[in-house]
Amino acid sequence: MGSLNLLRVVTIPLLLGSLLGSTAFAQSPTYGVGRTPTAEEIRRMDISIGPTGEELPPGRGTAKEGAQVYVQKACVGCHGAAGIGGLAPILQSKQGADVPVWKKERILPLRAPHATIVWDFINRGMPVGLEGTLTPDEVYSLTAYLLFLNKVIPEDLVLDKQSLPKVRMPIGDEFGKPHHFKLNAPRLEGYPY
Amino acid sequence: MDPERTSRRDLLKAALAGGITLGTSGKALAQGHDHPMTPGSENASPMIHGSKEQIEYGQRSKYVTSVRVQHPIGGRPSPDVFGKVFHVATPLQDSVGVITPSSLHYIATTRGSFLPDIDPKQHTLTIHGLVDRPLTLTMDELKRFPSVTRLHFIECAGNRHNGKQKNVQDTHGMTSCSEWTGVLLSTLLKECGLKGSAKWFVAEGAEEVKGASSIPIEKAMDDCIIAYGMNGEPLRPQQGFPVRIMVPGFEGIYHTKFLRRIKIVDRFYMNYNEFGHLRPEDKELALGEQIGPKSVITYPSGTQQLPGPGFYEISGLAWSGGGAIRTVEISTDGGKKWNRAEFKNTPQRMAHVRFAYQWKWDGTETQIMSRCTDEIGQRQPTREQIANWWKVPFERDYRVPGLDNSVMPWKIARDRSVTNGLA
């Protein structure tokens, strides 16, 4: 009996703790292994740009500047003049303005639901072999140039930390949203397979 | 003490003392007076001369020649002219058991890549974002945490079958199964103190393109593993040395290799990898994250030639992102009658299971195929069933929405050849 009561005394606060969430209880680390990175280390490392653009660094750029960077940084060598005709993926749609976005080519600066994705990918993945060498201004400029080529933004729009997340992409809201993931549940409710 | 072993040992002792002879090997010993021979050496094979390398790290027999090939057939070759790796498939037609040898594990890269040559002493993993205490771990520190060892498959989203492919390496070779060792991500996230607003996490690699994927936090707290071990040794560079994340049951691209950073966020971060997942509809997107119940017969399979009518043990692999495989059924008459297959190992969650079915082929033309059910009741469909569910006309070149987990038929002809049943 005594041990059962003891069990209750211990488990009830534990249950409460898990109900209230981790902030209320797990205040101290269990193992104490590893170190705390500095804010500056995290800032330098954090190249994941979310839809709100909160991680974007200071900087700015326009399509006109981007057109120059596109040549200077040899993007043109792989992607072709103005994003057409290279061996690397096409970057400017050949389709007319009246063609719906899902019928157009699968081009990142055209089909991406957020302009921040374009910035993120150029920043992390380009140019091939020299990834991570572009300055924030160059990435803003290239992003502006590619969005301009696909008639997403006007040529004179200055892209920066504030304006980039506000760019309205042609796809609008017409794309599948990730469902709320449930453990041990079928992939799609009602789908038997 | 085992009585048989005792008595054999006693006999051996007696033999060594010169007291008695031991059947045929005794005769061989006796003949040895004229021509020195060890027992059984009449049939001895040529020797493999022991090299330092062979002794330090063994290799397979030169008679075993199974290799990975580029995927899909006609795709970019690996290595390409620049030395980049694209997609290569594992030779399932030669597989036995459920473990894919590390040297034959399929490879896929975000956009074709060079393998980073990472010094594990220099590599760190940082967890930050919506946590109370960001954490940076060296690889030695990571290994100090309590570990788990689990069997899990990884399957590439590109593992789709069609009528043009010849063998099971082409149709299904972009899946592999290994024993993975590492630290549960939930252990590390509890150490960091997850904030209540945490909903997703981004896992990012250290390779040149810094491939990243967004994954639900529920999955992180359930069974994701920060893995440093594979089949009893450190990860191979092709599989993410020194550390990768295992996201059991999710498609391959989520299993970020060369893991350097985990960022906890409050919303879905559409990184470049997710751009590849972009679909017009929620439904199709949902079928492109977690692997459905799937199975395939690896013997007999495409391009193999049967010696003739008679007994065969049909054998294959089944797996699901939904959990452990519950049942596998085999049809040997083109899908009319289904028979329960047996398991060769205990089915485990998100792992290949080896199944088999004993069959006597009468020499007539037929089709053989397998289907499976997983522990949450998902059933492996035929392509026609999928088309019917989506209410679209079923055609020969029908493309299954989302990941392709449809039934794969093999045709066995009177001439004993095995070919793609979708052709």
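Helix α7(A) is mostly covered, with 12 of its 14 residues buried. The structure is a predicted model. The buried residues of α7(A) are Glu138(A), Val139(A), Tyr140(A), Ser141(A), Leu142(A), Thr143(A), Ala144(A), Tyr145(A), Leu146(A), Leu147(A), Phe148(A) and Leu149(A). Their cover includes β1 (60-61), α3, α5, α6 and β2 (159-160) of chain A. From its first C-alpha to its last, α7(A) reaches 20 Å. That is close to the 20 Å expected at 1.5 Å a residue. Lys151(A) follows α7(A), and its phi is positive, near 60°.

One partner of this helix is α3(A). The axes of α3 (residues 63-72) and α7 (residues 136-149) of chain A come within 7 Å and cross at roughly 105°. That angle makes α3(A) roughly perpendicular to α7(A), because angles of 65 to 115 degrees count as such. On the α3(A) side, the contact involves Ala63(A), Glu65(A), Gly66(A), Ala67(A), Val69(A) and Tyr70(A). On the α7(A) side, Glu138(A), Ser141(A), Leu142(A), Ala144(A), Tyr145(A) and Phe148(A) take part. By class, this contact has 8 nonpolar, 2 polar and 2 charged residues.

Chain A contains 7 helices and 2 strands. Starting from the N terminus, its elements run α-α-β-α-α-α-α-α-β. Among contacts in chain A with a separation of 6 or more, 60% link residues 24 or more positions apart.

Helix α6(A) is also mostly covered, with 10 of its 11 residues buried. These are Ala115(A), Thr116(A), Ile117(A), Val118(A), Trp119(A), Asp120(A), Phe121(A), Ile122(A), Asn123(A) and Arg124(A). The buried residues of α6(A) pack against α5 and α7 of chain A. They also pack against α8 (272-275) of chain B.

The contact between the two chains involves 47 residues of chain A and 58 residues of chain B. On the chain A side, the elements giving two or more residues are α2 (39-45), α5 (108-111) and α6 (115-125). Of these, α6(A) gives the most, with 5 residues. By class, the chain A side has 25 nonpolar, 13 polar and 9 charged residues.

Chain B comprises 423 residues, and buried residues make up 45% of them. Its secondary structure comes to 10 helices and 21 strands. Among contacts in chain B between residues at least 6 apart in sequence, 70% join residues at least 24 apart.

In soluble globular proteins, nonpolar side chains tend to be buried together. The largest nonpolar core here has 91 residues. Within this core, Val118(A), Leu185(B), Phe201(B), Ile226(B) and Ala227(B) touch the most other members. Helix α7(A) gives the most to the core, with 9 residues.

Beyond its neighbours within four places in sequence, Ile226(B) is in contact with Leu125(B), Leu142(B), Gly182(B), Val183(B) and Leu185(B), among others. Its contacts also include Leu188(B), Val243(B), Ile245(B) and Leu259(B).

Ile386(B) is found in helix α10 (residues 383-389) of chain B. Ile386(B) is buried, because 25 other C-beta atoms lie within 10 Å and the cut-off is 20 or more. Not counting residues up to four places away in sequence, Ile386(B) touches Tyr193(A), Pro381(B), Val400(B) and Ser406(B).

Gly363(B) is found in the loop between β18 (353-361) and β19 (366-374) of chain B. Gly363(B) counts as exposed, because it has 12 C-beta neighbours inside 10 Å and the limit is 12 or fewer. Leaving aside neighbours within four places in sequence, Gly363(B) is in contact with Pro309(B) and Arg414(B). Gly363(B) and Arg260(B) are 103 residues apart along the chain, and their C-alpha atoms are separated by 56 Å.

Terms used. Residues are numbered from 1 along each chain as its sequence is written. Chains are lettered from A and ligands numbered from 1 in the order in which they are written. This is a predicted model: local features need pLDDT of at least 70, side-chain atom pairs count only at pLDDT 80 or more; totals for chains, interfaces and linings use all residues. Two residues are in contact if their C-beta atoms, placed from the backbone, lie within 7 Å. Helices (H or I, at least four residues) and strands (E, at least two) are DSSP runs, numbered from the N terminus. Ala, Val, Leu, Ile, Met, Phe, Trp, Tyr, Cys and Pro count as nonpolar, Asp, Glu, Lys and Arg as charged, and the others, Gly among them, as polar. Axes are lines fitted to C-alpha atoms, for helices over the stretch in contact, and angles run from 0 to 180 degrees between N-to-C directions. Angles under 35 degrees count as roughly parallel, over 145 as roughly antiparallel, 65 to 115 as roughly perpendicular and the rest as oblique. The expected span of a helix is 1.5 Å times one less than its number of residues. A nonpolar core is a set of buried Ala, Val, Leu, Ile, Met, Phe, Trp, Tyr and Cys residues joined through C-beta atoms within 7 Å.
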